[in-house]
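Subject: Structure handover

Hello,

Here is the structure I promised to pass on. Please open it first, then read my notes below.

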Amino acid sequence: MVLKFYGYEHSTASQIVAMVLREKKIPYEYIPIDLGKGEHKQPNYLAIQPFGQVPCIVEDDGFTLYESRAIARYLVENYPGGPELIPSERKKRGLFDQAVSVEGFNFERYVNAVIMEGLLPKFRNQPYNEERIKELGKSIASTLDVYEKTLAKSRYIAGDELTLADIYHLPGGNLLPIMGINLLQDDARPNVVRWWNEISKLESWQKVKDGLPGKD
Ligand SMILES: N[C@@H](CCC(=O)N[C@@H](CS)C(=O)NCC(=O)O)C(=O)O
């Protein structure tokens with residue numbers, strides 16, 4: 001038996017877990033949960049993820065965990081091998097925690113709003129407020145202005161090593177151009193562009209960026 005990973009093809013949160021599983025080379029069985037068919041709200045899935053969301057993991061002994069970032073940390077801290085992804089040195093760890101918090105409150109918060117209020121209605125041919133999407137783009141731009149200064153001094157967002165903080169940005173950031181938000185490739189922020197290009201080339205991302213289960 002191997003670790004079970006419940007996810008959905010187009011789920012950004014599931015892509016984070018898929019990347020970490022690949023970075024750490026952890027064997028797993030992928031179990032697709034079709035959100036389009038409402039499988040996430042069926043009693044058998046709610047029994048393991050009571051919010052009815054993906055992703056979720058279940059270990060051999062039945063230990064169950066949900067929330068993509070909690071799963072990512074758990075995998076990094078409890079499975080050997082692969083890159084460190086969470087720094088152990090005191091100050092590097094502090095900067096890592098800072099970057100993760102910034103990602104959640106100053107980046108993902110706005111990106112998620114772009115997805116929920118713009119991208120999903122767009123795919124469903126429903127109306128959405130273009131002005132609101134532009135405002136969200138401005139909030140993301142303000143965050144990237146700070147990132148530009150950070151990345152002028154370090155290779156990655158939390159220092160000179162790749163961490164989970166970098167990985168967390170990829171799935172959501174990758175969707176922004178669909179809504180006309182091309183900030184991650186904007187010449188105005190050369191260090192952000194350098195960083196984005198570098199993390200976008202990660203093999204783990206290349207394999208899952210077009211959807212799960214991803215390429216072998
Ligand atoms: N904070 C959660 C968010 C999970 C989440 O929103 N998953 C979406 C797919 S990306 C989902 O399952 N949506 C279905 C629903 O909320 O009903 C995490 O990071 O795991």
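Helices here are DSSP runs of H or I with at least four residues, and strands are runs of E with at least two; both are numbered from the N terminus. The model is predicted, so local features need pLDDT of at least 70 and side-chain atom pairs count only at pLDDT 80 or more, while totals for chains, interfaces and linings use all residues. Residues are numbered from 1 along each chain as its sequence is written, and side-chain values use heavy atoms, leaving out hydrogens and water.

**The annotated span**

UniProt, in an unreviewed entry, places "domain: GST C-terminal" at residues 89–216. Its positions follow the numbering used here, feature names are shortened, and annotations may be inferred rather than shown by experiment. Residues 89–216 are 68% helix and 0% strand, and their end C-alpha atoms lie 34 Å apart.

**The pockets**

A pocket is an open set of points on a 1 Å grid over the protein atoms alone, where a 1.4 Å probe fits, with protein on both sides within 12 Å along at least five of seven lines; lining residues have an atom within 4 Å of a point. Volume is the space filled by probe spheres set on the points, which are joined across faces, edges and corners.

The largest pocket has a volume of about 1,200 Å³. It is lined by 41 residues. His 10, Ser 11, Thr 12, Ala 13 and Ile 115 lie nearest its centre. Helices H1 (12–23), H3 (68–78), H4 (90–123) and H6 (164–175) each give two or more residues to this lining. H4 provides the largest share, ten residues. By class, the lining has 17 nonpolar, 16 polar and eight charged residues. Nonpolar means Ala, Val, Leu, Ile, Met, Phe, Trp, Tyr, Cys and Pro; charged means Asp, Glu, Lys and Arg; the others, Gly among them, are polar.

The second largest pocket holds about 360 Å³ of space. Its lining has 19 residues, with Leu 95, Gln 98, Thr 150, Ile 157 and Ala 158 nearest the centre. H4 and helix H5 (130–153) each supply at least two of the lining residues. H4 gives the most, six.

**A helix crossing**

How do H5 and H7 (residues 190–200) cross? Their axes come within 7 Å, at roughly 80 degrees. Axes are lines fitted to C-alpha atoms over the stretch in contact, and angles run from 0 to 180 degrees between N-to-C directions. H5 and H7 are therefore roughly perpendicular (65 to 115 degrees). In contact (heavy atoms within 4.5 Å) are residues including Leu 144 and Tyr 147 of H5, and Val 192 and Trp 195 of H7.

Best wishes

Note on methods:
Parallel < 35°, antiparallel > 145°, perpendicular 65-115°, else oblique.
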